[in-house]
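The following exercises ask for a careful reading of one model, and each is followed by a solution in steps. Please keep the sequence and the coordinates open while working through them.

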Amino acid sequence: INEALPEYGANLLIYAVGMMRPEELAEIRDSAPTDAMIYMGPFDRVLLARLVRSGPPAVLVDFEARGLPCDSICIDNEYGGQEVGQLLIESGCWDDFAMITGSSDDAVTDRVAGVRRAFSEAGLRYAPMSVLNGHYTRLGGREAAHTLLSSGAPLPKAIFCFNDEMALGALDELTGAGIRVPEQVRIIGFDGIPMGEAFRPRLSTVSIDLRQIGRQAVQTLFRRLEDPSAPNVRLSISPRLLRRDTY
């Protein structure tokens with residue numbers, strides 16, 4: 001976003017929503033010389049609806065508009081999940097895998113739907129051995145992996161973590177317990193954060209081109225400013241599978 005804005009002679013002002021009360025965000029936005037907004041998910045839907053309807057033109061990033069009068073740019077989470085599902089099948093892990101998900105949201109629903117679609121198209125039964133909530137945090141990934149280790153049951157052949165933070169946490173816990181990755185357990189994350197490439201072993205992941213999304217958000221927003229009456233658009237960005245050392 002910051003790279004693309006100078007092309008339009010614009011400046012970036014960042015609001016950290018988690019550090020302020022909802023009413024404060026609306027007050028600060030209204031008091032600042034703000035011509036347009038980019039809202040990056042996840043977001044409280046009630047607050048988001050209020051902000052979009054009462055404020056300047058807006059683009060949502062990584063969050064579904066669902067009837068709101070604004071444009072949105074979303075990651076094709078279902079496609080990413082389908083890529084992982086196909087990988088599970090091709091590697092022979094389709095009948096013995098676990099998933100560490102985040103809190104219940106659209107991304108979780110869509111990624112699960114993608115895995116299910118891959119299994120359905122292959123004529124296979126979708127039946128993960130375990131589905132654990134890692135709350136999208138590295139600590140949550142560690143705790144989920146600890147649950148698998150302490151259950152007394154054999155470890156799954158593969159673990160699909162719904163973001164890289166949880167995957168790195170699970171990797172910490174498993175390697176700390178002497179489990180060899182990927183020889184004993186394969187791990188794949190989602191997002192493609194730089195830490196995954198720097199980690200050893202390097203994390204396999206479903207990579208999202210965040211720079212592309214940021215630039216697209218700016219371009220979409222300025223098209224909206226040029227033509228406020230144009231129909232709202234929803235753009236979908238497909239992620240890509242990156243196989244590194246952990247899968």
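Contact here means heavy atoms within 4.5 Å. The model is a predicted one, in which local features need pLDDT of at least 70 and side-chain atom pairs count only at pLDDT 80 or more, while totals for chains, interfaces and linings use all residues. Residues are numbered from 1 along each chain as its sequence is written, and side-chain values use heavy atoms, with hydrogens and water left out.

**Exercise 1.** Describe how strand 2 (residues 58-61) is covered and how strand 2 is joined to strand 1 and to strand 3.

*Solution.* Helices (H or I, at least four residues) and strands (E, at least two) are DSSP runs numbered from the N terminus, and two strands pair if DSSP finds at least two bridges between them. Strand 1 (residues 37-40) runs parallel to strand 2 and is joined to it by four bridges, with Ile38 opposite Val59. On the way from strand 1 to strand 2 the helix must be included, since strand 1, helix 2 (residues 45-54) and strand 2 make a right-handed β-α-β unit; right-handed means that, with the strands pointing away from the viewer, the path from the first strand over the helix to the second runs clockwise. Strand 3 (residues 71-75) is also parallel to strand 2, through three bridges, and Ser72 is the bridge partner of Leu60. Finally, both faces of strand 2 are covered, with Ala58 and Leu60 buried on one side and Val59 and Val61 buried on the other.

**Exercise 2.** Is Asn163 buried or exposed, and what surrounds Asn163?

*Solution.* Asn163 lies in the loop between strand 6 (158-161) and helix 6, and Asn163 counts as buried because its relative accessibility is 7%. A polar atom of its side chain lies 2.9 Å from the backbone nitrogen of Met166. Beyond four places in sequence, Asn163 is in contact with Tyr136, Gly189, Phe190 and Asp191. Asp191, in the loop between strand 7 and helix 7, has a positive phi of about 130 degrees although it is not a glycine, and counts as partly exposed because its relative accessibility is 23%.

**Exercise 3.** Where are the cis peptide bonds from Val181 to Pro182 and from Arg200 to Pro201?

*Solution.* The bond from Val181 to Pro182 has omega near 10 degrees, and Pro182 belongs to the loop between helix 6 and strand 7. The bond from Arg200 to Pro201 has omega near 0 degrees, with Pro201 in the loop between helix 7 and strand 8.

Definitions and conventions:
Buried means under 20% relative accessible area, exposed over 50%, partly exposed in between (1.4 Å probe, protein chains only). A polar contact is a pair of N or O atoms within 3.5 Å; within protein, one must be able to donate a hydrogen and the other to accept it, and residues adjacent in sequence count only if both atoms are side-chain atoms.
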